[in-house]
Amino acid sequence: MSFEAKRCGVQFSPPSIVLIYQHKETKNVRKRIIPVRNFSKYSDYSMAAERLKNHPRHRDYLEGVSQSQLEKLHIILRDHMQGYTLEHSLASLRLDPDEDLNKLDDDELARKKGQMDELFEKNRRRIDDPDFVYDVEKDFTKTAQEKCSWDEESDDGF
């Protein structure tokens with residue numbers, strides 16, 4: 001049997017992954033609610049997502065869903081169990097260029113680095129890309145530098 005995942009989301013009560021999929025042969029669109037069992041606010045989201053993706057009952061349906069997408073859904077479920085709002089969970093999944101990564105714990109830092117690697121690979125230019133240009137040279141215009149008082153004082157010694 002072959003299925004194409006169209007959309008996926010979360011249901012908080014009971015904790016479940018909701019999958020909208022289409023059967024490739026009959027073109028029927030259906031909804032499947034996959035319960036997330038043995039998952040608490042202290043559980044490891046990556047292991048839970050991997051266990052769900054490899055589960056024999058759900059494997060065919062989740063074949064088109066990426067591991068990172070399942071991890072994000074499990075993070076949202078875990079945050080809800082910890083009492084966080086949906087907006088807080090979604091904000092933690094976004095990359096903020098002004099965020100201080102030194103203040104994050106190891107788990108959050110690894111997740112953010114994974115997101116940055118994924119974004120880098122998506123935007124990366126390869127030699128076989130049609131818009132690839134070898135040896136790009138750009139001229140950056142110099143802005144007028146401001147004079148500082150300490151620059152004027154130290155000119156006599158050098």
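In which loop is Pro-14 found? In this predicted model, Pro-14 belongs to the loop between β1 and β2. The peptide bond that joins Ser-13 to Pro-14 is cis, with omega at about -10°.

Two further backbone features concern residues with positive phi. Asn-38 is not a glycine, yet its phi is positive, at about 55°. The residue sits in the loop between β3 and α1. Asn-38 counts as exposed because its relative accessible area, 76%, is over the 50% cut-off. Asp-135, likewise not a glycine, has a positive phi of about 60°. Its place is the loop between α4 and α5, the latter spanning 149-153. With a relative accessible area of 56%, Asp-135 is also exposed.

Three aromatic pairs are found in a search of the whole structure. One of them joins Phe-3 and Tyr-61, whose rings are stacked, with 4.3 Å from centre to centre and 25° between the planes. Phe-3 is part of strand β1 (residues 3-11) and Tyr-61 is part of the loop between α1 and α2, so this pair ties together parts of the chain that are 58 residues apart in sequence. Phe-3 and Tyr-61 are both buried. Tyr-61 also pairs with Tyr-21: the ring centres are 5.0 Å apart and the planes stand at 65°, so this pair is edge-to-face. Here too, distant parts of the chain are linked, since Tyr-21 lies in strand β2 (residues 16-23) and Tyr-61 in the loop between α1 and α2, 40 residues apart. Tyr-21 is buried, as is Tyr-61. Together, Phe-3, Tyr-21 and Tyr-61 make up one aromatic cluster.

Residues up to four places away in sequence aside, Asn-28 touches Tyr-21, Gln-22 and His-23. The C-alpha atoms of Asn-28 and Phe-3 are 9.8 Å apart, although the two residues are separated by 25 residues in sequence.

Helix α3 (residues 86-93) has Ser-89, Ser-92 and Leu-93 among its residues, and these three are buried. They cover an arc of only 105° around the axis, which means that they lie on the same side of α3. The buried residues of α3 pack against α2 and α4. Ser-89, in helix α3, has a relative accessible area of 1% and is therefore buried. When neighbours within four places in sequence are left aside, Ser-89 is in contact with Ile-76, Asp-79 and Tyr-84.

Lys-112 belongs to helix α4. Its relative accessibility is 2%, so this lysine counts as buried. Beyond neighbours within four places in sequence, the contacts of Lys-112 are Ala-91, Ser-92, Arg-94, Leu-95, Glu-99, Leu-101 and Leu-104. Ser-92, named among these contacts, is also one of the buried residues of α3.

The largest pocket holds about 280 Å³ of space. Fifteen residues line it, and those closest to its centre are Lys-72, Arg-111, Gly-114, Gln-115 and Glu-118. Helices α2 (67-81) and α4 (106-123) each supply at least two residues of this lining. The greatest contribution comes from α4, which gives seven residues. By class, the lining of the largest pocket comprises six nonpolar, three polar and six charged residues.

The second largest pocket contains about 220 Å³ of space. Its lining consists of Pro-35, Val-36, Arg-37, Asn-38, Ala-48, Arg-51, Leu-52, His-55, Arg-57, His-58 and His-74. Helix α1 (residues 45-53) gives the most to this lining, with three residues. Four of the lining residues are nonpolar, four are polar and three are charged.

Note on methods: Residues are numbered from 1 along each chain as its sequence is written. This is a predicted model: local features need pLDDT of at least 70, side-chain atom pairs count only at pLDDT 80 or more; totals for chains, interfaces and linings use all residues. Side-chain values use heavy atoms; hydrogens and water are left out. On a 1 Å grid over the protein atoms alone, a cavity is a set of points where a 1.4 Å probe fits but cannot get out, and a pocket is an open set with protein on both sides within 12 Å along at least five of seven lines; lining residues have an atom within 4 Å of a point. Grid points are joined across faces, edges and corners, and a volume is the space filled by probe spheres set on the points. Helices (H or I, at least four residues) and strands (E, at least two) are DSSP runs, numbered from the N terminus. Ala, Val, Leu, Ile, Met, Phe, Trp, Tyr, Cys and Pro count as nonpolar, Asp, Glu, Lys and Arg as charged, and the others, Gly among them, as polar. Buried means under 20% relative accessible area, exposed over 50%, partly exposed in between (1.4 Å probe, protein chains only). Contact means heavy atoms within 4.5 Å. The arc is that of the directions from the helix axis to the C-beta atoms. Rings of Phe, Tyr and Trp (its six-membered ring) pair if their centres lie within 6.5 Å; planes under 30 degrees apart count as stacked, over 60 as edge-to-face and the rest as tilted.
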